[in-house]
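Take a moment to look over the sequence and the 3D structure. The text below leads through a few places in it, one after another.

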Amino acid sequence: MTARDVTTLVVGGGHSGLAMSRCLTEHSIDHVVLERGSVANSWKTERWDSLTLLTPNWQTRLPGFAYEGDDPDGFMSGLDIASLIETYATAIDAPVRANVTVTSVRADDGRYVVESDDGPWRARAVVMASGGCNLPTVPDYASAVPAGMASLTPMDYKNPAQLDDGGVLVVGASATGLQLAEEIHRSGRPVTISAGEHVRMPRTYRGRDIFWWMDATGLLGERFDEVDDITRARNVPSPQLVGTPERASLDLNRLQAIGVEIRGRLGAIRDGRALFSGGLRNKCTLADLKMHRLLDTIDEWALGHGFGPGDPLDRPTATAVKDAPLTLDLTSGEIRTIVWATGFRPDLSWLDVPVLDHKGRVRHDGGVVTSAPGLYLIGTPFLRRRRSSFIHGAGYDAEDLSEHLVAHLAG
């Protein structure tokens, strides 16, 4: 089949790919968006039933779109977001070709040849917008889980009803791990959670959502070239937050209060026994310290902008850390299921351009793949700003990258 020519090809029809499409349209750049499923496919098929955004509705915005509903302080569900993204794609008349799987992207004489199950394309520029959460990251020692024990990731999990009766070990204490641990425990199953490095935040502070303060102080706008260690910043765990009507905080203290058992970081499984680190207290102390530094920054900004001094009683109490056993017998029948809430990674198996590092991640400069002119990345944590990790950050990134792409095409 003869390759079809297009100036720019966007791989991925989620919110990031659509934000880029809107910006390319504004620059009058002809383009096509290829999506392996339907628009917002991952929000509809790869999320658990009770998932909600970590950011409030008022912060859910994309180029040419802003939330105008009657619940600005609420939190959208996964299906709400899917519906919003579908509506957005229609509103901006995005040139999406759904149910098209890209199988290869390779460089060829100053252009890129994009192979797909719907035939080939040739483009002067390619934007990788397939997201950073395509595949669950599961440690190698998961292969040592005893036979007969259920083992699943958040992409497999939908609700507690699918789990076997009995205890559940949740590995990972970022936003996903804490949310699933609480939900599963409230279903009547005993839960143990393994906590390593984590980021603690209160849902609200000084009467406002924590994201209001982070937005107002400029923290969410911090650029990738303004931090000391961008590699580490891009790998910081998601904050311990949940979006509920009560706007309640979710942390290890709350889990312990309802009866969830806390262990340290799971480091190995040997001879049917889970082996945990003894450094839980240090990890919690560090998370508390970083949280208070954030709140100190907010207090300083608030005082300088007429909000007055903060109330020390408004701050969360220190994480209560109890001595816990460093081993857990997985063959005793106490634990019947392990949920690996240990993060995600992108699926770039289709990329045949030598731009990946030893961990399989794209080497880039704020989304610009400098070693492959005309190749761009969008939709990954802290791409260009700290807010890149959230839906509203995609618009800022798309505006910057589309301008760079225009300059590339002109050159």
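The model is a predicted one.

Start with Thr8, which sits in strand β1, covering residues 4-11. Is Thr8 buried or exposed? Its relative accessible area is 0%, and a residue counts as buried when that value is under 20%, so Thr8 is buried. Beyond its neighbours within four places in sequence, Thr8 touches several residues, among them Leu24, Val32, Ala123, Val127 and Leu409.

Now turn to Gly207, found in the loop between β14 (204-205) and β15 (208-209). With a relative accessibility of 61%, Gly207 counts as exposed, because the cut-off for that word is over 50%. Leaving out neighbours within four places in sequence, Gly207 is in contact with Arg247 and Asp314. Gly207 and Asp314 are 107 residues apart along the chain, yet 9.0 Å separates their C-alpha atoms.

The next topic is charge. Side chains of opposite charge can pair when their charged atoms come close. How many salt bridges does the structure hold? There are 27.

One of the salt bridges joins the side chains of Glu182 and Arg254, with a distance of 2.5 Å from N to O. Glu182 belongs to helix α4 (residues 175-186) and Arg254 to helix α7 (residues 252-257), so this pair ties together parts 72 residues apart in sequence. Glu182 is buried at 9% relative accessible area, while Arg254 is partly exposed at 23%.

Another salt bridge links Glu197 and Arg232, whose closest N and O atoms are 2.7 Å apart. Here the link runs from the loop between β12 (191-194) and β13 (199-200), where Glu197 lies, to Arg232 in helix α6 (residues 230-233), 35 residues apart. Both partners are partly exposed: Glu197 has a relative accessibility of 35%, and Arg232 has 43%.

In a further pair, Arg200 and Asp251 bring their closest N and O atoms to 3.0 Å. Arg200 is in strand β13 and Asp251 in the loop between β16 (239-240) and α7, so parts 51 residues apart in sequence are tied together. Arg200 is buried at 3% relative accessibility, and Asp251 is buried at 10%.

Notes
Residues numbered from 1 in each chain as written. Predicted model: local features only at pLDDT ≥ 70, side-chain atom pairs only at ≥ 80, totals over all residues. Heavy atoms only, no water. Helix = DSSP H or I, 4+ residues; strand = E, 2+ residues; numbered from the N terminus. Buried < 20%, exposed > 50% of the residue type's maximum accessible area, 1.4 Å probe, protein only. Contact = heavy atoms within 4.5 Å. Salt bridge = Lys/Arg side-chain N within 4 Å of Asp/Glu carboxyl O.
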